[in-house]
Amino acid sequence: LVTFVVIQFATAITILIARYLGEKRPERIGSVIGGGVIVFAAISIVLFFLMVVFAHPIAVLMQAPAEAVDLTTSYVRICGSGIFFIVAYNLLSGFIRALGDSKTPLYFLIATTVVNVLLNLFLISVCKLGVVGSALGTLISITVSGICCAVYIGRRFPILRLSREDWKYNRAFMKEHLNIAVPMAIQFSVL
């Protein structure tokens with residue numbers, strides 16, 4: 001659920017970036033990205049707090065079987081601790097897709113999945129870390145993928161480099177972003 005909401009908020013930013021490119025107004029992209037990073041930093045902070053502090057009630061709300069509540073709580077807490085990396089990956093891969101490159105994020109996702117499976121096998125089977133190993137494998141793999149996205153963006157898309165003016169709260173961007181993101185997030189949350 002958290003991932004779907006984050007993806008929809010990131011998709012709303014990619015829609016705005018693509019729109020400004022189509023309208024031949026690339027000068028607005030920097031403020032969209034800067035505003036998006038601010039929004040996602042705030043979302044990350046809120047999710048971090050909720051998932052770490054309320055991990056046990058979340059596990060119960062997810063209807064984890066009684067014997068698995070403690071394990072689910074650990075998983076939620078560990079993933080919540082690394083939520084910034086999960087959010088960053090989704091945002092960065094969205095930037096790449098907005099610029100017309102849908103293959104590279106797919107390749108990063110495939111690589112993330114392979115690394116995640118291998119880490120899970122190692123951390124669960126060899127290191128005997130159980131659920132903790134599974135959560136750590138997920139976080140490590142998504143972090144590596146996020147770093148790969150950031151490096152790729154830095155090398156391939158100079159249009160995404162931000163100026164000092166781009167790093168500020170922009171009320172017009174917020175309104176435009178939320179008008180797109182909230183309905184999409186609600187729709188996918190319900191699904």
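User: At roughly what angle do the axes of α2 and α8 cross?

Analyst: This is a predicted model, its residues are numbered from 1 along each chain as the sequence is written, and local features need pLDDT of at least 70. Side-chain atom pairs count only at pLDDT 80 or more, totals for chains, interfaces and linings use all residues, and side-chain values use heavy atoms, leaving out hydrogens and water. Helices are DSSP runs (H or I, at least four residues) numbered from the N terminus, and axes are lines fitted to C-alpha atoms over the stretch in contact, with angles from 0 to 180 degrees between N-to-C directions. The axes of α2 and α8 come within 10 Å and cross at roughly 70°.

User: Is α2 roughly parallel or roughly perpendicular to α8?

Analyst: Under 35 degrees counts as roughly parallel, over 145 as roughly antiparallel, 65 to 115 as roughly perpendicular and the rest as oblique. The two axes cross at roughly 70°. That makes the arrangement of α2 and α8 roughly perpendicular.

User: Which residues in α8 meet α2?

Analyst: Contact means heavy atoms within 4.5 Å. The α2 side supplies Val32, Gly35, Gly36 and Val39. Their partners in α8 are Phe173, Met174 and His177.

User: How many salt bridges are counted?

Analyst: The rule asks for a side-chain nitrogen of Lys or Arg within 4 Å of a carboxyl oxygen of Asp or Glu. Glutamate 23 and arginine 19 pass at 3.6 Å, N to O. Glutamate 23 also pairs with arginine 25, with the closest N and O atoms 2.5 Å apart. By this rule the count comes to three.

User: How many residues apart in sequence are the parts tied together by glutamate 176 and arginine 19?

Analyst: The side chains of glutamate 176 and arginine 19 meet in a salt bridge at 1.9 Å, N to O. Glutamate 176 lies in helix α8 (residues 171-190) and arginine 19 in helix α1 (residues 2-22), so the separation of the tied parts is 157 residues.

User: What relative accessibility does arginine 25 have?

Analyst: Arg19, Glu23, Arg25 and Glu176 are linked in a network of salt bridges. Buried means under 20% relative accessible area, exposed over 50% and partly exposed in between (1.4 Å probe, protein chains only). Glutamate 23 is partly exposed at 36%, as is arginine 19 at 32%. Arginine 25 counts as partly exposed too, at 29%.

User: What kind of aromatic pair do phenylalanine 49 and phenylalanine 54 form?

Analyst: Rings of Phe, Tyr and Trp (its six-membered ring) pair if their centres lie within 6.5 Å; planes under 30 degrees apart count as stacked, over 60 as edge-to-face and the rest as tilted. By this rule there are four aromatic pairs. The centres of phenylalanine 49 and phenylalanine 54 are 6.0 Å apart and their planes stand at 80°, so the pair is edge-to-face.

User: Which helix holds tyrosine 152?

Analyst: Phenylalanine 108 and tyrosine 152 pair edge-to-face, 6.0 Å centre to centre, with 80° between the planes. Phenylalanine 108 lies in helix α6 (residues 103-126), so the pair ties together parts 44 residues apart in sequence, and tyrosine 152 lies in helix α7.

User: Which residues form one aromatic cluster?

Analyst: Phenylalanine 108 is buried, with a relative accessible area of 15%. One aromatic cluster is made up of Phe108, Tyr152 and Phe157.

User: How far apart are the end C-alpha atoms of α6?

Analyst: The expected span of a helix is 1.5 Å times one less than its number of residues. With 24 residues, α6 should span 34 Å. That agrees with the distance between its end C-alpha atoms, 34 Å.

User: Which helices are among those covering the buried residues of α6?

Analyst: Buried in α6 are Thr104, Pro105, Phe108, Thr112, Asn116, Leu119, Asn120 and Leu123. An α-helix has 3.6 residues a turn, so residues three or four places apart point the same way. The cover over these buried residues includes α5 and α7.

User: Which helices do the buried residues of α4 pack against?

Analyst: Helix α4 (residues 69-81) has 13 residues and reaches 18 Å from its first C-alpha to its last. Val69, Thr72, Thr73, Val76, Ile78, Cys79 and Gly80 are buried in α4. These buried residues pack against α2 (29-53), α3 (55-61), α5 and α7.

User: Which residues does asparagine 90 touch, not counting residues up to four places away in sequence?

Analyst: Asparagine 90 lies in helix α5 (residues 83-98). At 9% relative accessibility, asparagine 90 counts as buried. With residues up to four places away in sequence left out, asparagine 90 touches Thr3, Val6, Ile7, Ala10 and Arg97.

Terms used:
Helix = DSSP H or I, 4+ residues; strand = E, 2+ residues; numbered from the N terminus.
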